[in-house]
Amino acid sequence: MNILDDLKARGLVYQTTDEEALYKRLESPMTLYCGFDPTADSLHIGHLLPVLMLRRFQLAGHCPIALVGGGTGLIGDPSGKTSERTLNPTEVVQEWANRIKEQLSCFLDFEGVGNPAIMANNYEWLGTINVIEFLRDIGKNFSLGSMLAKESVESRMSRGISFTEFSYQILQSYDFLKLNELYGCEMQIGGSDQWGNITSGTDLIRRMSVGEDRQVHGLTVPLVTKSDGTKFGKTEGGAVWLDQDKTSPYKFYQFWINTDDRDVVKYLNFFTFLSIEEIQGLAQEVESQPEKRNAQRMLAKEVTELVHGVEARERAEKISQALFTGGIANLTAKEVEEGFSDVPSADVEDQEMLLVDALIKVGAVSSRRQARESMESGAVYVNGIRQTDTTLTVAQLDKIESRFIVIRRGKKNYYLVKLV
Ligand SMILES: Nc1ncnc2c1ncn2[C@@H]1O[C@H](COP(=O)(O)OP(=O)(O)OP(=O)(O)O)[C@@H](O)[C@H]1O
Ligand SMILES: N[C@@H](Cc1ccc(O)cc1)C(=O)O
């Protein structure tokens with residue numbers, strides 16, 4: 001099967017250059033690339049779509065190049081941005097580039113027999129280019145008219161765009177040319193906001209290879225959107241990151257499991273490697289038994305495992321289950337730390353403290369009277385067990401690995417007592 005058929009069936013193709021030519025070319029192995037600028041210290045789930053695209057191509061026998069924009073990250077892509085970016089210091093961009101390189105390397109096989117993936121950093125060629133050479137050899141191939149007509153530039157003309165960001169498209173085009181020369185790279189892929197930069201690269205290669213038969217291609221994936229109109233990949237706390245120190249595997253899992261019924265089939269197609277038939281089966285369940293949320297569970301399982309591995313996925317499932325059933329006592333201290341990282345918490349040193357006072361200290365209630373009333377009415381749970389005895393001290397309660405007490409007041413207000 002031609003990979004383009006599968007990608008189209010999944011809704012993963014937004015735009016392509018000459019589709020017929022691309023289809024034909026994909027009948028045999030080709031080298032393709034996608035670039036990622038280090039504009040933060042981690043990739044987020046928006047990036048995951050193009051990253052997984054590279055993996056899909058590799059699994060289909062093609063050779064993917066993951067390009068880290070160590071050079072372009074110093075300039076700033078205006079695509080999809082309504083205002084000028086602030087420039088980040090060189091050392092910071094370098095540090096971020098290293099981290100992103102590490103993350104990218106988790107998704108591709110660099111030792112694969114036949115079609116190993118390649119990692120590149122455009123600082124290698126952009127960092128050493130000389131301005132005369134750049135303007136004479138590269139700049140001459142760009143017409144101001146077509147540069148100004150790019151959506152990324154045009155949309156910014158009235159608001160303002162610096163020469164720096166305006167020039168970005170030349171650098172990305174030069175990358176494509178370089179990768180074409182170095183590795184025989186014949187296609188660039190990216191999010192749909194990259195279409196202008198990608199076609200600018202295919203144009204450059206065409207101009208620089210007049211007389212040769214060097215056809216190159218471009219393909220974009222749709223930008224992921226949410227049916228409720230809010231931005232995909234953001235939660236109240238900001239972006240959903242791939243770095244587990246920024247978004248814990250449990251929170252990551254929660255993000256996917258909370259997917260709206262209207263979005264879940266699309267996300268299964270976009271973010272998992274389940275077959276189209278398996279996804280159709282899950283789509284039917286969304287129709288017939290939406291309350292079971294089997295599709296969401298499968299989505300969360302697959303994506304969490306893909307990004308964080310089996311163990312972290314199992315942990316996330318266990319924490320979610322414990323929170324759902326109230327069976328907190330079976331959790332380990334590590335799981336408690338992960339699952340309750342953002343609930344109100346307090347350090348307690350004196351174990352002779354009354355539970356009533358601990359409730360005030362963590363902010364579950366505002367007075368002793370309210371604490372007693374809550375307990376007596378059966379609304380207070382400690383590690384999943386209802387506690388009504390208002391004379392209990394912290395010392396008398398079960399602890400999780402002698403370190404934590406998880407308090408729940410009402411249906412789902414959680415608090416964490418940390419014993420220090
Ligand atoms: N929601 C999304 N759906 C599909 N692709 C996305 C999405 N978000 C980002 N991408 C891809 O990742 C690339 C990098 O994302 P982009 O730079 O726009 O986002 P960002 O990291 O949120 O912002 P910044 O540009 O400040 O780093 C995009 O050009 C696009 O190709
Ligand atoms: N411009 C791309 C990143 C990129 C950088 C260099 C390239 O050659 C290709 C892509 C982005 O902002 O997402």
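In this predicted model, a polar side-chain atom of Asp-77 lies 2.8 Å from a nitrogen atom of ligand 2. On its own, ligand 2 exposes 340 Å², of which the protein buries 87%.

The residues around ligand 2 include Tyr-33, Gly-35, Asp-37, Leu-67, Thr-72 and Asn-122. By type, the shell around ligand 2 consists of 3 nonpolar, 6 polar and 3 charged residues. Strand E2 (31-36) and helix H10 (168-183) each contribute at least two residues to this shell. The largest contribution is that of H10, with 3 residues. Ligand 2 sits in the largest pocket.

The space taken by ligand 1 is likewise the largest pocket. Around ligand 1 there are 15 residues, of which Thr-39, His-44, Arg-85, Gly-191 and Val-224 come nearest. They divide into 5 nonpolar, 7 polar and 3 charged. Helix H3 (45-59) and strand E5 (185-191) each supply at least two residues of the shell around ligand 1, and H3 gives the most, with 3 residues.

| Residue | Protein atom | Ligand 1 atom | Distance |
|---|---|---|---|
| His-47 | polar side-chain atom | oxygen | 3.5 Å |
| Lys-81 | side-chain N or O | oxygen | 3.2 Å |
| Val-224 | backbone N or O | nitrogen | 2.8 Å |

Of the 590 Å² of accessible area that ligand 1 has on its own, the protein covers 78%.

Strands E2 and E5, named above for the ligand shells, also belong to an open sheet of 6 strands. The strand order is E1-E6-E5-E2-E3-E4, and the pairing is mixed. Which strands stand at the edges of the sheet? They are E1 (15-16) and E4 (118-121). Each has a single partner strand, so one side of each is left without a neighbour in the sheet. E1 is joined by 2 bridges to strand E6 (residues 217-221), and the two run antiparallel. Within this pair, Gln-15 has Thr-220 of E6 as its bridge partner.

How values were computed
Residues numbered from 1 in each chain as written. Chains lettered and ligands numbered in written order. Predicted model: local features only at pLDDT ≥ 70, side-chain atom pairs only at ≥ 80, totals over all residues. Heavy atoms only, no water. Near = heavy atom within 4 Å. Polar contact = N/O pair within 3.5 Å; in protein donor to acceptor, adjacent residues only side chain to side chain. Areas by Shrake-Rupley, 256 points an atom, 1.4 Å probe, with all protein chains shown as cover. 1 Å grid on protein atoms, 1.4 Å probe; cavity = no way out; pocket = protein on both sides within 12 Å on 5 of 7 lines; lining within 4 Å. Sits in = over half its atoms within 2 Å of the grid points. Helix = DSSP H or I, 4+ residues; strand = E, 2+ residues; numbered from the N terminus. Nonpolar A, V, L, I, M, F, W, Y, C, P; charged D, E, K, R; others polar. Pairing = 2+ DSSP bridges.
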